[in-house]
Amino acid sequence: GWLAANFSMTCRTTNDGQLSESSEACTEILKRAGEAMGALRPLTAKQLSKQRQYMAELDEQRSIADRILGFFSFVNIMW
């Protein structure tokens, strides 16, 4: 998440997800993002933009345990 936000503030991409200008800072961010994701090589700008969306979707999901805990909290409040 942080690397994707930093990349979007620092680097510019074209409409097809390619870097419009290759700078050392952008390359380093892509390399660090690849390492954080466990990739064998640096991520591309397109991959990093998709990872940000994927991480947001994961953050919005609620597990069954979250739902059960919420239900019991509601019951305790009503008690």
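The protein chain contains four helices and zero strands. Read from the N terminus, its elements follow the order α-α-α-α. The mean pLDDT of the chain is 76, and 81% of the residues reach 70 or more. Helix α1 has the lowest mean pLDDT, 71, while helix α4 (residues 64-78) has the highest, 83. Where pLDDT is low, the predicted coordinates should not be read in detail.

Of its 79 residues, 18% count as buried. Among contacts with a separation of 6 or more, 33% join residues 24 or more positions apart.

The largest nonpolar core holds eleven residues: Leu-3, Ala-4, Phe-7, Cys-11, Cys-26, Ile-29, Leu-30, Ala-33, Leu-43, Ala-45 and Leu-48. At least two residues of this core come from each of α1 (2-10), α2 and α3 (45-60). Helix α2 provides the largest share, four residues.

Helix α2 covers residues 24-37. Its 14 residues should span 20 Å at 1.5 Å a residue, and the end C-alpha atoms are 20 Å apart, so the two values agree. The buried residues of α2 are Cys-26, Ile-29, Leu-30, Ala-33 and Gly-34. These residues lie on the same side of α2 because they cover an arc of only 135° around the axis. An α-helix has 3.6 residues a turn, so residues three or four places apart point the same way. The face of α2 turned away from the buried side carries Glu-24, Glu-35 and Ala-36, which are exposed. Gly-38 follows α2 and has a positive phi, near 80°.

Helix α4 presents another case. Its 15 residues reach 21 Å from the first C-alpha to the last, close to the 21 Å expected at 1.5 Å a residue. The number of buried residues in α4 is zero, with burial set at under 20% relative accessible area. Helix α4 therefore lies largely in the open. This helix is also the element with the highest mean pLDDT.

Technical notes: Residues numbered from 1 in each chain as written. Predicted model: local features only at pLDDT ≥ 70, side-chain atom pairs only at ≥ 80, totals over all residues. Heavy atoms only, no water. Expected span 1.5 Å × (residues − 1). Buried < 20%, exposed > 50% of the residue type's maximum accessible area, 1.4 Å probe, protein only. Arc of directions from axis to C-beta. Core = buried A, V, L, I, M, F, W, Y, C linked by side-chain atoms within 4.5 Å. Contact = heavy atoms within 4.5 Å. pLDDT = per-residue confidence, 0-100.
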